[in-house]
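Dear colleague,

Please find the structure we discussed below, together with its sequence. I would be grateful if you could read the notes that follow it alongside the coordinates.

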Amino acid sequence: MATPYQERTIPAPHLNEGDAPYFEAAAQGKLLVKFCNDCKQYHHYPRALCPFCFSDRTEWKEAKGTGTVYSYSISRASGPVPYAIAYVTLDEGVSMMTNIVDCDLDTIRCGQKVTVTFKPAEGGVVIPMFKPA
Amino acid sequence: MSIRGKAYVVGIYEHPARKIENKSLARLHAEVAKGALEDAGLTTRDVDAYFCSSDAPGLGGINMIDYLGLTVRHSDSTNTGGSSYLYHVAHAAETIAAGKCNVALVTCAGFGRRGTLARDHGADVPEGAFETPYGPVTLNLYAMAAMRHMYQYGTTSEQLAWVKVAASHHAQHNPNALLKKVLTVEDVVNSPLIADPLHRMDCCVVTDSGGAVIVAKPEVAKSLKRPLVKLIGAGESPKGQMGGKVDLTYTGAVRSGPIAFDEAGVKPSDIKYASIYDSFTITVVMTLEDLGFCRKGEGGKFVMDGNLISGVGKLPFNTDGGGMCNNHPGNRGGITKIIEAVRQLRGESHPKVQVRNCDIALAHGTGGSLGTRHGSATLIMERE
Ligand SMILES: [Zn+2]
């Protein structure tokens, strides 16, 4: 069995105030993660206030863009093409929801090393995703 | 202040329909309210508190309070998805214990929608832009919890299938159940893989239906002609992504369970019957572990070989057929979990599935998604 990756139409996400820098960086091929200058921890999804210590001294840092598949699932009945939703644990230590792309989806495994890549959504927005390292 | 012994479930009603046309949503809420009041031997004039979730039309409870012709001094529209109604029963007991109401009505009703579709939680949810592009739907989010459980603990598809099989053994005796066919492990694992590792038959049914529950203070309960079902413990806890420290191997039941057991003064081994929220087979396996019915990671082994089948296994569960086979009204299985637990304590479950000497029962709800954020709620009830 093989389930080749196919490009999928991704609706433009609704950005809340404060989300734009993340997607502007993605358009430049960079993955950002929020970091807290008080408790020195990364968090994701990004907040204005650190969810661990509630400091407002949070800032965007560029992530290495490498990580490990924490879990995944191949959706075979939710759209015109199959797609792989996943959580990837970044080397910075936080896990983010994403898609695994550019591979035979049936070969994805928990614990697999992956690296960031970028795919276009509608409306010119660019979305970070991951492919096998 | 504890709710232990301060409130009783005096009325229950499950709508018999599973596919509904030509009835409004408000009417469905009214029909289940009427059914539960008649079951209790009460009228709308006795109700002084109303609880509903976002499945009820309108602004909180106020539109339905008006439609139902109620005069209430307390209302609560807590929405934690399918577990809302377990939160409501607990909150009703707290309100009664505080002397703020005597008789609380809880309603749930809705038309089903497919779990393969995206859910819209509104534009302002803070995670929206960081999740919606990836196509999260109810099904694939629960599937990720299952996939990780399999990876970390060696849980198998065959083990998960036993949850559906056990529910189907119960559903064959329920004339209202949507699926009444007895299933085998092979039936489940050979059904189409729709979100790896979950098959179509790992999912609950999608139904149009509803249910209602009446909670009352002891003086009211003891004046009625129904068997006495007393609330002795309740716990609630949401769980999320923890700022990116995502762990999909456990549920909020790790907190709601101990709170409820401590309040009730009982242990998992004292529970004769358990209603366990069964949106998907994995939901049951993880919840049983987290409530302490078996050790962490051993839920797959625990559910095997009919261990959840009444009269066969150690822990009879969802003897109405559960969300797996009977009913999941409007994609919300919480109200039916409470209802079947009360039937068991009253001795009113179907004779083929009635647990002998059922004196203590548990009902547990999981609303939202195991894969992102969910609200867990546990109720423990005792026959008096
Ligand atoms: Zn911090």
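Predicted model: local features only at pLDDT ≥ 70, side-chain atom pairs only at ≥ 80, totals over all residues.

With a relative accessibility of 0%, A:Cys36 is buried, whereas A:Cys53, at 35%, is partly exposed.

Other cysteines. The count of disulfides over all chains is zero, taking a disulfide as a pair of cysteine sulfur atoms within 2.5 Å. For A:Cys103, the closest cysteine sulfur is that of A:Cys110, 14 Å away, which is too far for a bond. B:Cys325 is likewise in no disulfide, and the nearest cysteine sulfur, in B:Cys204, is 10 Å from it. A:Cys103 is buried, with a relative accessible area of 13%, and B:Cys325 is buried at 0%.

Helix α9 of chain B. This helix comprises twelve residues (253-264) and spans 16 Å from its first C-alpha to its last, close to the 16 Å expected at 1.5 Å a residue. Its buried residues are B:Ala253, B:Ser256, B:Gly257, B:Ala260, B:Phe261 and B:Ala264. Because they cover an arc of only 125° around the axis, they are on the same side of α9(B). Their packing partners in chain B are β8 (229-239), α10 (281-290), β10 (360-368) and β11 (374-383). B:Gly265, just after the helix, has a positive phi of about 70°.

Helix α13 of chain B. Residues 334-346 form this helix of 13 residues, which reaches 19 Å between its first and last C-alpha, close to the 18 Å expected at 1.5 Å a residue. Leaving aside residues up to four places away in sequence, B:Lys337 touches B:Ser275, B:Ile276, B:Tyr277, B:Asp278, B:Asn318, B:Gly322, B:Gly323, B:Ala363 and B:His364. After the helix comes B:Gly347, with a positive phi near 80°.

Backbone features. A:His44 and A:Tyr45 are joined by a cis peptide bond with omega about -10°; A:Tyr45 is in the loop between β2 and β3 of chain A. In chain B, the peptide bond from B:Asp196 to B:Pro197 is also cis, with omega near 5°, and B:Pro197 lies in the loop between β5 (193-195) and β6 (198-199).

Positive phi values also occur in residues other than glycine. A:Lys40 has a phi near 60°; it is found in the loop between β1 and β2 of chain A and is exposed, at 54%. B:Asn331 has a phi of about 65°; it lies in the loop between α12 (322-326) and α13 of chain B and is buried, at 17% relative accessibility.

With kind regards

Key. Residues numbered from 1 in each chain as written. Chains lettered and ligands numbered in written order. Heavy atoms only, no water. Buried < 20%, exposed > 50% of the residue type's maximum accessible area, 1.4 Å probe, protein only. Helix = DSSP H or I, 4+ residues; strand = E, 2+ residues; numbered from the N terminus. Expected span 1.5 Å × (residues − 1). Arc of directions from axis to C-beta. Contact = heavy atoms within 4.5 Å.
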